[in-house]
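Dear colleague,

Please find below the structure that I would like to hand over to you. My notes on what was found in it follow.

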Amino acid sequence: MQNNADSNMLVRRSIHTEYFSTGWMAFEFLVGLYSGITAHSILLIAFGLDSFLEIISGSTLIWRLRKEANGASQSEINRAERRSSLIVGSVLLLLSVYVIGVSLFNLVTHQAADQSFSGIAIAIASVILMPFLTLRKRALGKALHSDALAEDGMCNITCAYMAATVLVGGVLTALFGWWWADSVAALVLVYFIASEGWESFQAGRGKD
């Protein structure tokens, strides 16, 4: 059993980790969205929008951890987590539909994305950073017996997969000028977005 001092220390470390993670997601959102708009890349736009949803998720978890630090009841914390999961899951599923529609339109009309070195750079940084955040959150979640924190760590792994997909699509477009690479990679990205969204949606529909 953990004493109160150990538990409070773990909660503080978790909050600091979430602050860093959410701050990075804000940076990733700005760079990804800007790069996607300037390069006309649906892949980068989707990556940026998913990062924005990660900001919402991370902010909710910070609120949940601060509630725990202030002694809120577990039932209150659980209700807040489910409500957030339902909202984020729904938006992720809608984002998947959007990405599919635009990607298919681009393939039919032969729309090509321009090179985006800033997009490639942010993808490389995310591929490197996300696994470290995943390991830390899973370790803290296990120590605190918090499934929500551990699951948030898995969102970081999803982000790493998405960044790798962005990287592959960006490199193929930049090196070979394959007009279809961005749209095809975006359709691959939908798998990660939709999987994460469905899992979050189902969690949000859970009962007390």
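Two residues are said to be in contact when they have heavy atoms within 4.5 Å of each other. This is a predicted model, in which local features need pLDDT of at least 70 and side-chain atom pairs count only at pLDDT 80 or more, while totals for chains, interfaces and linings use all residues. Residues are numbered from 1 along each chain as its sequence is written, and side-chain values use heavy atoms, with hydrogens and water left out.

I begin with helix α3. Helices here are DSSP runs (H or I, at least four residues), numbered from the N terminus. Helix α3 covers residues 74-109, which is 36 residues. From its first C-alpha to its last it reaches 52 Å, close to the 52 Å expected at 1.5 Å a residue; the expected span is 1.5 Å times one less than the number of residues. Just after α3, H110 takes a positive phi of about 60°.

N106 is located in helix α3. Is N106 buried or exposed? Buried means under 20% relative accessible area, exposed over 50%, and partly exposed in between (1.4 Å probe, protein chains only). N106 counts as buried because its relative accessibility is 10%. Apart from neighbours within four places in sequence, N106 is in contact with I42, Q111, W179 and S183.

The structure also holds seven aromatic pairs. Rings of Phe, Tyr and Trp (its six-membered ring) pair if their centres lie within 6.5 Å; planes under 30 degrees apart count as stacked, over 60 as edge-to-face and the rest as tilted. One of the pairs is F29 with F52, which is tilted, at 5.2 Å centre to centre and 45° between the planes. This pair links distant parts of the chain, since F29 lies in helix α1 (residues 4-39) and F52 in helix α2 (residues 42-69), 23 residues apart. F29 is buried at 17% relative accessibility, whereas F52 is partly exposed at 37%.

Y191 and F192 form another pair, with ring centres 5.4 Å apart and planes at 75°, so this pair is edge-to-face. Y191 is exposed at 57% relative accessibility, whereas F192 is buried at 17%. Ring pairs also link Y161, Y191 and F192 into a cluster.

Finally, W178 is found in the loop between α5 and α6. With a relative accessible area of 34%, W178 is partly exposed.

Yours sincerely

Definitions and conventions:
Helix = DSSP H or I, 4+ residues; strand = E, 2+ residues; numbered from the N terminus.
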